[in-house]
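Subject: Structure for your review

Dear colleague,

My notes on it follow directly after.

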Amino acid sequence: MIRRKIALDADGVLLDFDRHFQRHMEYKLGRKLPVLADSFQLSARYGIDGFWNDLAQDAVFWSGIPLLPDAKNLIYALEDMGFEVWVVTAIGEEQRKSRAISLSGLIPAGRIVCADWTATPQDKANILHDLGTVGFLDDQWEHVLHAGMLPKMLCARYYCCGRYDVGEVPVEVGVVDDVMDFPVALEASMRRWA
Ligand SMILES: [Mg+2]
């Protein structure tokens with residue numbers, strides 16, 4: 001039986017990129033790195049810049065990002081519903097193995113799609129379309145909105161509210177306040193499709 005696919009974003013949905021980044025940079029810079037703004041952009045949030053090239057090549061950094069508390073519960077809940085869970089993430093292919101390590105074997109490397117560092121919301125949406133996913137959860141509503149613009153995609157689209165000020169979320173974007181509300185919302189969508 002072919003299982004229907006669900007795609008999840010990694011950072012901010014399954015992995016605690018933010019806390020890991022803050023600690024990593026504090027260690028590197030040798031000073032505390034307070035949150036300066038509730039911005040989604042790292043440079044604005046922490047008032048630092050010029051770190052990205054080094055970070056992108058740092059396999060130890062990417063391998064070590066811890067799981068968010070509900071990551072396992074979310075993946076198991078979706079698998080229990082009969083879905084095949086994929087990760088679509090805007091990092092370079094060279095860190096795919098590191099991403100699989102940080103996901104602690106919950107998602108095999110073959111089901112992790114790296115959209116590249118410079119991926120636009122449209123790039124991510126195209127990957128979802130090619131995979132034929134029926135559900136997608138991301139912590140950036142721009143990604144969700146673009147996924148929704150694709151033609152003929154039967155997709156329950158949800159944005160997971162993070163802690164940051166991300167501006168007004170368009171009404172087309174489905175919002176869950178907690179990742180564990182995603183399987184519930186998905187189930188409701190699937191009943192409507194049936
Ligand atoms: Mg994210």
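Please note that the model is a predicted one. The crossing of the two helices is right-handed.

The residues that bring H7 and H8 together can be named. On the H7 side they are Pro121, Gln122, Lys124, Ala125 and Leu128, and on the H8 side Glu142, His143, His146, Ala147 and Met149. Sorted by class, this contact comprises 5 nonpolar, 3 polar and 2 charged residues.

H8 also has a place against the sheet. This helix lies across strands E4 and E5, and runs at about 170 degrees to E5. E4 (residues 135-138) and E5 (residues 156-160) are themselves paired in the parallel sense, with 4 bridges between them. Within that pairing, Gly135 has Ala156 of E5 as its bridge partner.

Turning to the sheet as a whole, its 6 strands follow the order E3-E2-E1-E4-E5-E6, and the sheet is open, with parallel pairing. Its edges are formed by E3 (112-114) and E6 (174-176), each of which pairs on one side only. From one strand to the next, the twist averages 25 degrees.

Strand E1 (residues 5-8) is flanked in this order by E2 and E4. Towards E2 (residues 84-89), E1 forms 4 bridges in a parallel arrangement, and one of the pairs there is Ile6 with Val85. Towards E4, E1 has 3 bridges, again parallel, and Leu8 stands opposite Leu137.

Finally, the division into domains. The domain assignment of the chain places residues 5-16 and 67-193 in domain 1, and residues 18-63 in domain 2. Taken over C-alpha atoms, the centres of the two domains are 23 Å apart. Where they meet, domain 1 contributes 11 residues and domain 2 contributes 10 residues. The side of domain 1 that touches domain 2 consists of 4 nonpolar, 4 polar and 3 charged residues.

With kind regards

Conventions
Residues numbered from 1 in each chain as written. Predicted model: local features only at pLDDT ≥ 70, side-chain atom pairs only at ≥ 80, totals over all residues. Domains from an automatic or database assignment. Contact = placed C-beta atoms within 7 Å. Nonpolar A, V, L, I, M, F, W, Y, C, P; charged D, E, K, R; others polar. Pairing = 2+ DSSP bridges. Left-handed = near helix turned anticlockwise from the far one by under 90°. Axes fitted to C-alpha atoms, helices over the stretch in contact; angles between N-to-C directions.
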